[in-house]
Amino acid sequence: MEEIRIDTTVLVIGGGWSGIKVACELVDLGYRVILIEDSATLGGNGLFDHLVSSNKEELSSLLAKVKDHEAVEVLVSTRLVFLTGVPGDFRVWLEQEGKVSEKTAGAVVVALEAEIVSLSTAYGFQAAENVLTQSEVEARLASGGAGDISKDVLFLVGLQQEGSPLVMERAIRSASEIQALEGCQAKVLVGNVKVAEHGLESLYRQSRERGIIYIKVKEPPKIKQDGSSLQIEVFDNVLNRDIKLTPDMVVVEEAFRPHPDATRVSQVLGIGTDSEGFFQQANVYYLPIRTNREGIFVIGSAREPRNLMHGWTDVGNTVLEVRNLLGEGKKLVPIERAKIHRGKCTICLTCVRVCPHGAIYWDNRAIISPVACQGCGICASECPMDAIQLVNYTDEEMEAQVLASIEKKVEAPQIIAFCCQNSAHEASRMARLFGSSLPEGLQMIKVPCAGKVDVDYILTAFEAGTDGVLVLACHKDNCKSQHGNTFAEWRVEHVGRMLEEIGLEKERVRFATVASNMPVEFVRITNEMEDTLKGLGPSRIKKQAAA
Ligand code: SF4
Ligand code: SF4
(Lines give C-alpha, C1' and ligand atoms only; values in the text may rest on other atoms or scores of the structure.)
(Ligands and ions follow the chains in the order given, each with its own letter.)
Protein backbone atom coordinates (compact mmCIF):
# COMPACT_ATOMS: atom_id res chain seq x y z
CA MET A 1 0.00 0.00 0.00
CA GLU A 2 1.08 3.58 -0.50
CA GLU A 3 -0.38 6.84 0.70
CA ILE A 4 -1.45 9.31 -1.97
CA ARG A 5 -2.92 12.81 -1.72
CA ILE A 6 -6.36 13.38 -3.19
CA ASP A 7 -8.55 16.37 -3.95
CA THR A 8 -11.30 16.84 -1.35
CA THR A 9 -13.54 19.01 -3.51
CA VAL A 10 -16.86 17.46 -4.54
CA LEU A 11 -18.70 18.55 -7.67
CA VAL A 12 -22.48 18.34 -7.18
CA ILE A 13 -24.49 18.45 -10.42
CA GLY A 14 -28.06 19.64 -9.83
CA GLY A 15 -29.30 22.32 -7.44
CA GLY A 16 -32.57 20.69 -6.38
CA TRP A 17 -33.19 19.78 -2.74
CA SER A 18 -31.17 16.57 -2.92
CA GLY A 19 -28.20 18.43 -4.41
CA ILE A 20 -28.51 21.18 -1.81
CA LYS A 21 -28.82 18.69 1.05
CA VAL A 22 -25.77 16.68 0.00
CA ALA A 23 -23.76 19.90 -0.42
CA CYS A 24 -24.68 20.98 3.14
CA GLU A 25 -23.74 17.62 4.65
CA LEU A 26 -20.44 17.51 2.79
CA VAL A 27 -19.35 20.96 3.95
CA ASP A 28 -20.24 19.94 7.51
CA LEU A 29 -17.60 17.22 7.13
CA GLY A 30 -15.01 19.71 5.93
CA TYR A 31 -15.21 19.12 2.18
CA ARG A 32 -15.31 21.91 -0.37
CA VAL A 33 -18.27 21.75 -2.75
CA ILE A 34 -18.90 23.14 -6.23
CA LEU A 35 -22.68 23.09 -6.75
CA ILE A 36 -23.81 23.61 -10.34
CA GLU A 37 -27.36 24.11 -11.57
CA ASP A 38 -28.35 24.53 -15.20
CA SER A 39 -31.31 26.81 -14.50
CA ALA A 40 -31.05 30.28 -13.03
CA THR A 41 -32.17 29.36 -9.49
CA LEU A 42 -31.61 26.70 -6.85
CA GLY A 43 -34.42 24.66 -5.32
CA GLY A 44 -35.35 22.31 -8.15
CA ASN A 45 -38.79 21.76 -9.58
CA GLY A 46 -40.49 21.80 -6.17
CA LEU A 47 -42.19 18.55 -7.01
CA PHE A 48 -42.20 17.13 -3.52
CA ASP A 49 -42.04 20.20 -1.35
CA HIS A 50 -45.56 19.45 -0.12
CA LEU A 51 -44.37 16.14 1.36
CA VAL A 52 -42.02 18.03 3.63
CA SER A 53 -44.25 21.04 4.19
CA SER A 54 -43.66 20.75 7.93
CA ASN A 55 -39.97 21.14 7.16
CA LYS A 56 -40.22 24.31 5.10
CA GLU A 57 -37.92 26.02 7.59
CA GLU A 58 -35.37 23.28 7.10
CA LEU A 59 -35.48 23.79 3.34
CA SER A 60 -34.99 27.54 3.75
CA SER A 61 -32.06 27.09 6.10
CA LEU A 62 -30.42 24.56 3.74
CA LEU A 63 -30.77 27.02 0.88
CA ALA A 64 -29.33 29.84 2.95
CA LYS A 65 -26.44 27.64 4.03
CA VAL A 66 -25.30 26.73 0.50
CA LYS A 67 -25.63 30.34 -0.60
CA ASP A 68 -23.63 31.72 2.31
CA HIS A 69 -21.12 29.00 3.18
CA GLU A 70 -17.58 29.88 2.21
CA ALA A 71 -16.81 26.25 1.31
CA VAL A 72 -19.63 26.09 -1.26
CA GLU A 73 -19.20 27.61 -4.67
CA VAL A 74 -22.65 27.93 -6.26
CA LEU A 75 -22.74 28.26 -10.04
CA VAL A 76 -26.19 28.69 -11.60
CA SER A 77 -26.88 28.64 -15.36
CA THR A 78 -23.94 26.26 -15.50
CA ARG A 79 -23.47 22.83 -17.03
CA LEU A 80 -20.72 20.25 -17.09
CA VAL A 81 -19.19 19.95 -20.56
CA PHE A 82 -16.20 17.67 -20.06
CA LEU A 83 -14.62 15.48 -17.41
CA THR A 84 -11.34 13.66 -17.37
CA GLY A 85 -9.09 12.08 -14.75
CA VAL A 86 -9.73 9.55 -12.03
CA PRO A 87 -11.34 9.49 -8.56
CA GLY A 88 -9.53 11.79 -6.21
CA ASP A 89 -8.21 13.74 -9.18
CA PHE A 90 -10.95 14.62 -11.69
CA ARG A 91 -10.63 17.66 -13.92
CA VAL A 92 -13.94 19.16 -14.99
CA TRP A 93 -14.86 21.83 -17.51
CA LEU A 94 -17.91 23.94 -16.68
CA GLU A 95 -19.78 26.23 -19.06
CA GLN A 96 -21.53 29.29 -17.67
CA GLU A 97 -23.19 31.68 -20.09
CA GLY A 98 -20.88 30.70 -22.94
CA LYS A 99 -17.66 30.83 -20.89
CA VAL A 100 -15.83 27.61 -20.05
CA SER A 101 -13.71 27.28 -16.90
CA GLU A 102 -11.66 24.36 -15.62
CA LYS A 103 -11.86 23.06 -12.05
CA THR A 104 -10.75 19.99 -10.13
CA ALA A 105 -12.70 17.60 -7.92
CA GLY A 106 -12.09 14.37 -6.07
CA ALA A 107 -15.65 13.06 -6.45
CA VAL A 108 -18.81 13.87 -8.37
CA VAL A 109 -22.43 13.60 -7.20
CA VAL A 110 -25.19 13.67 -9.83
CA ALA A 111 -28.42 15.08 -8.38
CA LEU A 112 -30.31 16.04 -11.55
CA GLU A 113 -34.00 16.01 -10.70
CA ALA A 114 -36.45 14.06 -12.83
CA GLU A 115 -39.13 16.00 -14.65
CA ILE A 116 -42.83 15.22 -14.62
CA VAL A 117 -45.11 14.94 -17.60
CA SER A 118 -48.91 15.09 -17.59
CA LEU A 119 -50.69 12.03 -19.03
CA SER A 120 -54.11 13.78 -19.40
CA THR A 121 -53.90 13.84 -23.19
CA ALA A 122 -52.73 10.21 -23.33
CA TYR A 123 -55.90 9.27 -21.40
CA GLY A 124 -57.97 11.25 -23.90
CA PHE A 125 -59.01 14.19 -21.70
CA GLN A 126 -59.48 17.76 -22.95
CA ALA A 127 -58.33 20.56 -20.69
CA ALA A 128 -61.15 21.36 -18.24
CA GLU A 129 -61.67 22.82 -14.77
CA ASN A 130 -62.53 19.40 -13.35
CA VAL A 131 -59.61 17.49 -14.97
CA LEU A 132 -56.58 17.92 -12.73
CA THR A 133 -53.08 16.52 -12.88
CA GLN A 134 -51.64 14.91 -9.76
CA SER A 135 -49.42 17.97 -9.22
CA GLU A 136 -52.39 20.32 -9.52
CA VAL A 137 -54.43 18.47 -6.90
CA GLU A 138 -51.41 18.33 -4.57
CA ALA A 139 -50.87 22.07 -4.95
CA ARG A 140 -54.58 22.73 -4.34
CA LEU A 141 -54.62 20.60 -1.18
CA ALA A 142 -51.33 22.06 0.09
CA SER A 143 -52.52 25.64 -0.34
CA GLY A 144 -55.67 24.99 1.66
CA GLY A 145 -57.82 25.05 -1.46
CA ALA A 146 -59.95 22.16 -0.32
CA GLY A 147 -63.05 24.22 -1.18
CA ASP A 148 -62.16 23.77 -4.83
CA ILE A 149 -62.25 19.98 -4.53
CA SER A 150 -65.42 18.32 -5.82
CA LYS A 151 -67.40 15.72 -3.90
CA ASP A 152 -66.79 12.67 -6.05
CA VAL A 153 -63.17 12.48 -7.18
CA LEU A 154 -61.71 9.72 -9.34
CA PHE A 155 -57.94 9.11 -9.56
CA LEU A 156 -56.55 7.34 -12.63
CA VAL A 157 -53.30 5.47 -11.94
CA GLY A 158 -51.14 2.97 -13.82
CA LEU A 159 -53.39 2.72 -16.87
CA GLN A 160 -51.21 4.53 -19.39
CA GLN A 161 -47.82 3.44 -18.09
CA GLU A 162 -46.31 0.69 -15.93
CA GLY A 163 -47.35 1.58 -12.36
CA SER A 164 -44.63 2.69 -9.96
CA PRO A 165 -44.62 2.96 -6.15
CA LEU A 166 -44.05 6.70 -6.31
CA VAL A 167 -47.01 7.34 -8.64
CA MET A 168 -49.13 5.12 -6.38
CA GLU A 169 -47.97 6.89 -3.23
CA ARG A 170 -48.87 10.31 -4.58
CA ALA A 171 -52.36 9.14 -5.54
CA ILE A 172 -52.97 7.42 -2.17
CA ARG A 173 -51.84 10.48 -0.20
CA SER A 174 -54.02 12.91 -2.12
CA ALA A 175 -57.00 10.54 -2.17
CA SER A 176 -56.66 10.15 1.62
CA GLU A 177 -56.71 13.93 2.10
CA ILE A 178 -59.80 14.26 -0.09
CA GLN A 179 -61.53 11.37 1.66
CA ALA A 180 -61.03 13.23 4.94
CA LEU A 181 -62.92 16.28 3.60
CA GLU A 182 -66.54 16.42 4.59
CA GLY A 183 -68.89 14.80 2.09
CA CYS A 184 -66.11 13.79 -0.29
CA GLN A 185 -65.59 10.34 -1.75
CA ALA A 186 -62.28 9.38 -3.41
CA LYS A 187 -62.05 6.46 -5.82
CA VAL A 188 -58.91 5.11 -7.48
CA LEU A 189 -59.08 3.40 -10.86
CA VAL A 190 -55.84 1.50 -10.99
CA GLY A 191 -54.10 -0.92 -13.34
CA ASN A 192 -51.70 -2.44 -10.86
CA VAL A 193 -51.29 -1.41 -7.21
CA LYS A 194 -47.52 -1.05 -6.74
CA VAL A 195 -46.65 -0.77 -3.06
CA ALA A 196 -43.04 -2.06 -3.01
CA GLU A 197 -41.71 0.89 -1.04
CA HIS A 198 -41.10 1.32 2.67
CA GLY A 199 -44.39 2.09 4.46
CA LEU A 200 -46.51 2.15 1.30
CA GLU A 201 -48.34 -1.12 1.92
CA SER A 202 -49.65 0.17 5.28
CA LEU A 203 -50.52 3.55 3.76
CA TYR A 204 -52.59 1.69 1.16
CA ARG A 205 -54.34 -0.44 3.79
CA GLN A 206 -55.13 2.60 5.95
CA SER A 207 -56.57 4.41 2.95
CA ARG A 208 -58.93 1.49 2.28
CA GLU A 209 -59.99 1.49 5.92
CA ARG A 210 -60.83 5.18 5.53
CA GLY A 211 -63.27 4.29 2.77
CA ILE A 212 -61.34 5.00 -0.42
CA ILE A 213 -62.64 2.71 -3.16
CA TYR A 214 -60.05 0.99 -5.37
CA ILE A 215 -61.20 -0.44 -8.69
CA LYS A 216 -58.61 -2.64 -10.39
CA VAL A 217 -58.90 -2.86 -14.15
CA LYS A 218 -56.74 -4.16 -16.95
CA GLU A 219 -57.55 -1.86 -19.86
CA PRO A 220 -57.45 1.96 -20.03
CA PRO A 221 -60.97 3.38 -19.66
CA LYS A 222 -63.12 4.92 -22.41
CA ILE A 223 -63.52 8.60 -21.69
CA LYS A 224 -66.58 10.69 -22.59
CA GLN A 225 -66.28 14.37 -21.78
CA ASP A 226 -68.91 16.97 -22.50
CA GLY A 227 -68.06 20.27 -20.86
CA SER A 228 -67.87 19.53 -17.16
CA SER A 229 -69.76 16.26 -17.53
CA LEU A 230 -67.46 13.23 -17.27
CA GLN A 231 -68.24 9.63 -18.03
CA ILE A 232 -65.60 6.91 -17.53
CA GLU A 233 -66.45 3.51 -18.91
CA VAL A 234 -64.37 0.52 -17.95
CA PHE A 235 -64.57 -3.28 -17.76
CA ASP A 236 -64.68 -4.37 -14.12
CA ASN A 237 -62.89 -7.71 -13.75
CA VAL A 238 -64.60 -8.54 -10.45
CA LEU A 239 -68.15 -7.85 -11.64
CA ASN A 240 -67.22 -9.20 -15.08
CA ARG A 241 -69.09 -6.41 -16.89
CA ASP A 242 -68.66 -2.83 -18.08
CA ILE A 243 -69.27 -0.15 -15.48
CA LYS A 244 -69.84 3.58 -15.91
CA LEU A 245 -68.44 6.14 -13.48
CA THR A 246 -69.57 9.75 -13.50
CA PRO A 247 -67.17 11.60 -11.14
CA ASP A 248 -67.36 15.34 -10.55
CA MET A 249 -63.60 15.57 -10.93
CA VAL A 250 -60.75 13.37 -12.19
CA VAL A 251 -57.11 13.43 -11.14
CA VAL A 252 -54.79 12.03 -13.78
CA GLU A 253 -51.43 10.43 -13.01
CA GLU A 254 -48.16 11.93 -14.23
CA ALA A 255 -45.12 10.21 -15.70
CA PHE A 256 -41.59 10.71 -14.45
CA ARG A 257 -38.92 11.29 -17.05
CA PRO A 258 -35.18 11.64 -16.56
CA HIS A 259 -33.84 15.19 -16.43
CA PRO A 260 -33.71 16.52 -20.02
CA ASP A 261 -29.91 16.74 -19.85
CA ALA A 262 -29.42 13.25 -18.35
CA THR A 263 -28.26 11.51 -21.54
CA ARG A 264 -25.64 14.15 -22.31
CA VAL A 265 -24.38 14.23 -18.73
CA SER A 266 -24.10 10.41 -18.63
CA GLN A 267 -21.99 10.54 -21.79
CA VAL A 268 -19.72 13.27 -20.41
CA LEU A 269 -19.25 11.32 -17.17
CA GLY A 270 -18.93 7.92 -18.86
CA ILE A 271 -21.58 6.35 -16.65
CA GLY A 272 -24.49 4.14 -17.68
CA THR A 273 -28.23 4.63 -17.43
CA ASP A 274 -31.24 2.31 -17.33
CA SER A 275 -33.50 1.72 -20.33
CA GLU A 276 -35.52 4.87 -19.54
CA GLY A 277 -32.46 7.08 -19.14
CA PHE A 278 -32.36 7.26 -15.32
CA PHE A 279 -28.91 6.84 -13.79
CA GLN A 280 -29.72 3.68 -11.79
CA GLN A 281 -28.05 0.88 -13.70
CA ALA A 282 -29.42 -2.63 -13.35
CA ASN A 283 -26.49 -4.02 -11.42
CA VAL A 284 -26.69 -5.03 -7.76
CA TYR A 285 -23.11 -3.91 -7.11
CA TYR A 286 -24.07 -0.29 -7.83
CA LEU A 287 -27.04 -0.12 -5.46
CA PRO A 288 -27.95 2.24 -3.99
CA ILE A 289 -25.88 5.19 -5.23
CA ARG A 290 -22.75 3.93 -6.97
CA THR A 291 -22.10 3.94 -10.69
CA ASN A 292 -19.76 2.01 -12.95
CA ARG A 293 -17.18 4.77 -12.32
CA GLU A 294 -15.54 4.87 -8.96
CA GLY A 295 -15.95 8.32 -7.40
CA ILE A 296 -19.14 9.22 -9.30
CA PHE A 297 -22.40 8.84 -7.37
CA VAL A 298 -26.06 9.38 -8.28
CA ILE A 299 -28.83 10.37 -5.88
CA GLY A 300 -32.54 11.12 -5.59
CA SER A 301 -34.73 11.23 -8.68
CA ALA A 302 -31.61 11.24 -10.88
CA ARG A 303 -31.46 7.50 -10.06
CA GLU A 304 -35.10 6.59 -10.58
CA PRO A 305 -38.52 8.09 -9.73
CA ARG A 306 -38.15 8.82 -6.01
CA ASN A 307 -39.64 11.37 -3.69
CA LEU A 308 -37.64 13.87 -1.70
CA MET A 309 -37.61 11.85 1.51
CA HIS A 310 -36.23 8.80 -0.27
CA GLY A 311 -33.75 11.02 -2.08
CA TRP A 312 -32.49 12.22 1.27
CA THR A 313 -31.66 8.68 2.38
CA ASP A 314 -29.39 8.62 -0.68
CA VAL A 315 -27.70 11.72 0.70
CA GLY A 316 -26.63 9.85 3.84
CA ASN A 317 -25.27 6.94 1.78
CA THR A 318 -23.41 9.31 -0.52
CA VAL A 319 -21.77 11.20 2.30
CA LEU A 320 -20.45 7.89 3.69
CA GLU A 321 -19.12 6.84 0.28
CA VAL A 322 -17.44 10.21 -0.31
CA ARG A 323 -15.86 10.07 3.11
CA ASN A 324 -14.63 6.57 2.43
CA LEU A 325 -13.15 7.66 -0.88
CA LEU A 326 -11.67 11.06 -0.06
CA GLY A 327 -11.06 10.72 3.68
CA GLU A 328 -9.07 13.70 4.82
CA GLY A 329 -7.27 14.16 1.55
CA LYS A 330 -4.95 11.18 1.92
CA LYS A 331 -5.67 7.61 0.99
CA LEU A 332 -3.92 4.28 1.33
CA VAL A 333 -4.17 2.42 -1.96
CA PRO A 334 -2.65 -0.79 -3.30
CA ILE A 335 0.63 0.25 -4.93
CA GLU A 336 -0.28 -1.54 -8.14
CA ARG A 337 -3.08 -3.96 -8.82
CA ALA A 338 -2.35 -3.85 -12.51
CA LYS A 339 1.03 -2.84 -13.98
CA ILE A 340 1.63 -1.36 -17.41
CA HIS A 341 4.91 -2.08 -19.18
CA ARG A 342 5.43 1.38 -20.65
CA GLY A 343 7.97 0.09 -23.18
CA LYS A 344 5.39 -2.28 -24.68
CA CYS A 345 2.46 0.16 -24.69
CA THR A 346 1.67 1.53 -28.15
CA ILE A 347 -1.05 3.79 -26.73
CA CYS A 348 -3.81 2.13 -28.76
CA LEU A 349 -6.20 3.04 -25.89
CA THR A 350 -7.96 -0.34 -25.98
CA CYS A 351 -7.52 -0.55 -22.21
CA VAL A 352 -9.05 2.93 -21.74
CA ARG A 353 -12.12 1.85 -23.68
CA VAL A 354 -12.62 -1.51 -21.95
CA CYS A 355 -11.91 -0.56 -18.33
CA PRO A 356 -15.36 -0.63 -16.65
CA HIS A 357 -14.25 1.64 -13.83
CA GLY A 358 -12.74 4.47 -15.86
CA ALA A 359 -9.44 3.76 -14.11
CA ILE A 360 -7.10 4.30 -17.06
CA TYR A 361 -5.88 7.61 -18.46
CA TRP A 362 -2.83 8.45 -20.48
CA ASP A 363 0.01 10.88 -21.08
CA ASN A 364 2.38 9.50 -23.67
CA ARG A 365 1.51 5.98 -22.42
CA ALA A 366 -1.46 4.42 -20.62
CA ILE A 367 -1.54 4.95 -16.82
CA ILE A 368 -3.67 3.09 -14.27
CA SER A 369 -5.13 4.96 -11.30
CA PRO A 370 -4.54 2.98 -8.09
CA VAL A 371 -7.61 4.65 -6.54
CA ALA A 372 -10.02 3.61 -9.29
CA CYS A 373 -8.57 0.26 -10.35
CA GLN A 374 -10.57 -2.67 -8.98
CA GLY A 375 -8.15 -5.32 -10.24
CA CYS A 376 -10.61 -7.06 -12.55
CA GLY A 377 -7.97 -7.77 -15.21
CA ILE A 378 -10.15 -7.06 -18.27
CA CYS A 379 -7.58 -4.58 -19.58
CA ALA A 380 -4.78 -7.12 -19.20
CA SER A 381 -6.64 -9.70 -21.27
CA GLU A 382 -7.67 -7.21 -23.96
CA CYS A 383 -4.34 -5.37 -24.42
CA PRO A 384 -3.09 -6.38 -27.88
CA MET A 385 0.54 -5.83 -26.80
CA ASP A 386 0.33 -7.87 -23.57
CA ALA A 387 1.60 -4.70 -21.92
CA ILE A 388 -0.59 -5.06 -18.79
CA GLN A 389 -0.12 -7.65 -16.07
CA LEU A 390 -2.39 -8.09 -13.06
CA VAL A 391 -0.50 -8.53 -9.81
CA ASN A 392 -0.90 -12.13 -8.53
CA TYR A 393 -2.61 -13.07 -11.80
CA THR A 394 0.16 -12.49 -14.36
CA ASP A 395 0.03 -14.51 -17.57
CA GLU A 396 2.97 -16.54 -16.30
CA GLU A 397 1.27 -17.30 -12.98
CA MET A 398 -2.03 -18.16 -14.65
CA GLU A 399 -0.45 -20.51 -17.18
CA ALA A 400 1.58 -22.18 -14.42
CA GLN A 401 -1.69 -22.75 -12.51
CA VAL A 402 -3.33 -24.22 -15.58
CA LEU A 403 -0.44 -26.64 -16.14
CA ALA A 404 -0.35 -27.62 -12.47
CA SER A 405 -4.09 -28.40 -12.61
CA ILE A 406 -3.77 -31.09 -15.28
CA GLU A 407 -3.56 -34.45 -13.59
CA LYS A 408 -2.09 -37.02 -15.90
CA LYS A 409 -3.32 -40.09 -14.04
CA VAL A 410 -7.02 -39.30 -13.74
CA GLU A 411 -9.19 -41.55 -15.92
CA ALA A 412 -12.33 -39.40 -15.68
CA PRO A 413 -12.73 -36.47 -18.10
CA GLN A 414 -10.54 -33.59 -17.01
CA ILE A 415 -12.25 -30.23 -16.70
CA ILE A 416 -10.56 -26.93 -15.93
CA ALA A 417 -13.12 -24.45 -14.55
CA PHE A 418 -12.11 -20.79 -14.42
CA CYS A 419 -14.28 -19.43 -11.62
CA CYS A 420 -15.00 -15.74 -11.00
CA GLN A 421 -14.15 -15.00 -7.38
CA ASN A 422 -17.40 -13.06 -6.91
CA SER A 423 -19.76 -15.82 -8.02
CA ALA A 424 -18.69 -19.28 -9.23
CA HIS A 425 -15.80 -19.55 -6.76
CA GLU A 426 -18.16 -18.92 -3.84
CA ALA A 427 -20.75 -21.32 -5.30
CA SER A 428 -18.05 -24.02 -5.61
CA ARG A 429 -17.04 -23.53 -1.97
CA MET A 430 -20.63 -23.97 -0.85
CA ALA A 431 -21.02 -27.04 -3.06
CA ARG A 432 -17.97 -28.61 -1.41
CA LEU A 433 -19.19 -27.61 2.05
CA PHE A 434 -22.52 -29.34 1.40
CA GLY A 435 -20.66 -32.46 0.23
CA SER A 436 -22.17 -32.21 -3.27
CA SER A 437 -21.02 -34.68 -5.85
CA LEU A 438 -18.68 -32.90 -8.25
CA PRO A 439 -16.93 -34.42 -11.29
CA GLU A 440 -13.83 -36.39 -10.34
CA GLY A 441 -11.65 -34.65 -12.93
CA LEU A 442 -12.77 -31.10 -12.08
CA GLN A 443 -10.07 -28.54 -11.24
CA MET A 444 -11.01 -24.99 -10.35
CA ILE A 445 -8.93 -21.88 -10.93
CA LYS A 446 -10.06 -18.70 -9.19
CA VAL A 447 -9.94 -15.49 -11.24
CA PRO A 448 -10.73 -11.93 -10.06
CA CYS A 449 -13.34 -11.61 -12.83
CA ALA A 450 -14.30 -13.89 -15.72
CA GLY A 451 -13.15 -11.00 -17.92
CA LYS A 452 -9.58 -11.93 -16.89
CA VAL A 453 -9.75 -15.34 -18.60
CA ASP A 454 -7.52 -14.97 -21.60
CA VAL A 455 -7.96 -16.99 -24.79
CA ASP A 456 -4.36 -18.15 -24.25
CA TYR A 457 -5.17 -19.72 -20.86
CA ILE A 458 -7.94 -21.83 -22.39
CA LEU A 459 -5.73 -22.92 -25.29
CA THR A 460 -2.89 -23.75 -22.87
CA ALA A 461 -5.30 -26.01 -20.95
CA PHE A 462 -6.22 -27.91 -24.14
CA GLU A 463 -2.57 -28.15 -25.23
CA ALA A 464 -1.71 -29.61 -21.83
CA GLY A 465 -4.35 -32.30 -22.25
CA THR A 466 -7.55 -31.18 -20.56
CA ASP A 467 -10.74 -32.63 -22.04
CA GLY A 468 -12.86 -29.58 -21.43
CA VAL A 469 -12.85 -26.01 -20.10
CA LEU A 470 -15.58 -24.12 -18.27
CA VAL A 471 -15.57 -20.35 -17.86
CA LEU A 472 -17.99 -19.49 -15.07
CA ALA A 473 -19.07 -15.88 -14.61
CA CYS A 474 -21.67 -13.76 -12.82
CA HIS A 475 -25.17 -13.43 -14.25
CA LYS A 476 -25.95 -10.65 -16.69
CA ASP A 477 -26.29 -7.27 -14.92
CA ASN A 478 -24.62 -8.78 -11.86
CA CYS A 479 -20.99 -8.44 -12.89
CA LYS A 480 -18.99 -6.27 -10.53
CA SER A 481 -16.91 -5.23 -13.53
CA GLN A 482 -20.03 -4.48 -15.55
CA HIS A 483 -19.05 -6.31 -18.78
CA GLY A 484 -16.50 -8.84 -17.55
CA ASN A 485 -18.96 -11.68 -18.19
CA THR A 486 -19.62 -10.42 -21.72
CA PHE A 487 -15.91 -10.35 -22.56
CA ALA A 488 -15.58 -13.88 -21.18
CA GLU A 489 -18.51 -15.12 -23.28
CA TRP A 490 -17.06 -13.60 -26.47
CA ARG A 491 -13.69 -15.23 -25.83
CA VAL A 492 -15.27 -18.64 -25.20
CA GLU A 493 -17.16 -18.37 -28.50
CA HIS A 494 -13.91 -17.42 -30.20
CA VAL A 495 -12.08 -20.41 -28.69
CA GLY A 496 -14.96 -22.71 -29.75
CA ARG A 497 -14.41 -21.66 -33.38
CA MET A 498 -10.64 -22.16 -33.02
CA LEU A 499 -11.16 -25.66 -31.62
CA GLU A 500 -13.31 -26.59 -34.60
CA GLU A 501 -10.59 -25.37 -36.95
CA ILE A 502 -8.10 -27.78 -35.38
CA GLY A 503 -10.53 -30.68 -35.32
CA LEU A 504 -11.73 -30.54 -31.70
CA GLU A 505 -15.42 -30.30 -30.76
CA LYS A 506 -16.54 -26.78 -29.77
CA GLU A 507 -18.66 -28.32 -26.98
CA ARG A 508 -15.40 -28.91 -25.07
CA VAL A 509 -15.42 -25.27 -24.01
CA ARG A 510 -18.45 -23.73 -22.37
CA PHE A 511 -19.40 -20.39 -20.85
CA ALA A 512 -22.03 -20.33 -18.09
CA THR A 513 -23.24 -17.93 -15.43
CA VAL A 514 -23.88 -18.77 -11.80
CA ALA A 515 -24.62 -16.74 -8.67
CA SER A 516 -22.49 -16.99 -5.53
CA ASN A 517 -25.40 -18.52 -3.60
CA MET A 518 -26.21 -21.16 -6.21
CA PRO A 519 -24.14 -24.26 -5.37
CA VAL A 520 -26.80 -26.54 -6.87
CA GLU A 521 -26.48 -24.70 -10.18
CA PHE A 522 -22.69 -25.04 -9.99
CA VAL A 523 -23.00 -28.80 -9.46
CA ARG A 524 -25.46 -29.08 -12.35
CA ILE A 525 -23.23 -27.17 -14.80
CA THR A 526 -20.06 -29.08 -13.92
CA ASN A 527 -21.81 -32.48 -14.06
CA GLU A 528 -23.42 -31.60 -17.38
CA MET A 529 -19.96 -30.78 -18.71
CA GLU A 530 -18.66 -34.11 -17.48
CA ASP A 531 -21.53 -35.93 -19.26
CA THR A 532 -20.79 -34.01 -22.47
CA LEU A 533 -17.11 -34.94 -22.29
CA LYS A 534 -17.90 -38.59 -21.56
CA GLY A 535 -20.00 -38.59 -24.72
CA LEU A 536 -17.20 -36.99 -26.76
CA GLY A 537 -14.44 -39.19 -25.36
CA PRO A 538 -10.92 -37.99 -24.47
CA SER A 539 -9.54 -34.98 -26.32
CA ARG A 540 -7.56 -35.83 -29.47
CA ILE A 541 -4.57 -33.84 -28.15
CA LYS A 542 -4.57 -35.88 -24.96
CA LYS A 543 -4.71 -39.13 -26.92
CA GLN A 544 -1.85 -38.05 -29.19
CA ALA A 545 0.28 -37.13 -26.15
CA ALA A 546 -0.46 -40.53 -24.55
CA ALA A 547 0.49 -42.35 -27.76
S1 SF4 B 1 -4.26 -1.62 -24.44
FE2 SF4 B 1 -2.09 -2.01 -24.04
S3 SF4 B 1 -1.03 -1.07 -25.74
FE4 SF4 B 1 -3.10 -0.25 -25.75
S5 SF4 B 1 -2.93 1.64 -24.52
FE6 SF4 B 1 -3.51 0.03 -23.11
S7 SF4 B 1 -1.55 -0.72 -22.28
FE8 SF4 B 1 -1.09 0.46 -24.11
S1 SF4 C 1 -7.73 -4.17 -13.82
FE2 SF4 C 1 -9.89 -3.69 -14.31
S3 SF4 C 1 -10.33 -1.87 -13.08
FE4 SF4 C 1 -8.08 -2.06 -13.11
S5 SF4 C 1 -7.46 -0.79 -14.83
FE6 SF4 C 1 -7.70 -2.87 -15.64
S7 SF4 C 1 -9.81 -2.95 -16.42
FE8 SF4 C 1 -9.66 -1.13 -15.09
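The following exercises, each with a worked solution, concern a predicted model.

Local features require pLDDT of at least 70 and side-chain atom pairs count only at pLDDT 80 or more, while totals for chains, interfaces and linings use all residues. Residues are numbered from 1 along each chain as its sequence is written, chains are lettered from A and ligands numbered from 1 in the order in which they are written, and side-chain values use heavy atoms, with hydrogens and water left out.

**Exercise 1. Overall architecture**

Task: State into which domains the protein is divided, and how many helices and strands it has.

Solution. 
- Step 1. The division gives domain 1 (2–114 + 258–331), domain 2 (116–256), domain 3 (342–390) and domain 4 (395–546); domain bounds come from an automatic or database domain assignment.
- Step 2. Between the centres of domain 2 and domain 3, taken over C-alpha atoms, the separation is 54 Å.
- Step 3. The secondary structure comprises 16 helices and 28 strands, where helices (H or I, at least four residues) and strands (E, at least two) are DSSP runs numbered from the N terminus.
- Step 4. The C-alpha trace spans about 95 × 65 × 40 Å along its principal axes.

**Exercise 2. The ligand shells**

Task: Identify which residues surround ligand 1 and which come nearest to ligand 2.

Solution. 
- Step 1. A residue is near a molecule if one of its heavy atoms lies within 4 Å of it.
- Step 2. Ligand 1 is surrounded by C345, T346, I347, C348, L349, T350, C351, A366, C383, P384, M385 and I388.
- Step 3. This shell around ligand 1 holds 10 nonpolar, 2 polar and no charged residues (Ala, Val, Leu, Ile, Met, Phe, Trp, Tyr, Cys and Pro count as nonpolar, Asp, Glu, Lys and Arg as charged, and the others, Gly among them, as polar).
- Step 4. Around ligand 2 there are 13 residues, of which C355, C373, C376, G377 and C379 come nearest.
- Step 5. The shell around ligand 2 has 9 nonpolar, 4 polar and no charged residues.

**Exercise 3. Backbone geometry**

Task: State where L349 and D386 lie, and which peptide bond from L287 is cis.

Solution. 
- Step 1. L349 lies in the loop between β21 (338–340) and α9; although not a glycine, L349 has a positive phi of about 70°.
- Step 2. D386 is in the loop between α10 (378–382) and β24 (388–390), and although not a glycine, D386 has a positive phi of about 50°.
- Step 3. D386 is partly exposed, because its relative accessible area is 35%.
- Step 4. The bond from L287 to P288 is cis, with omega near -5°, and P288 is placed in the loop between α7 (262–269) and β19 (296–298).

How values were computed: Buried means under 20% relative accessible area, exposed over 50%, partly exposed in between (1.4 Å probe, protein chains only).
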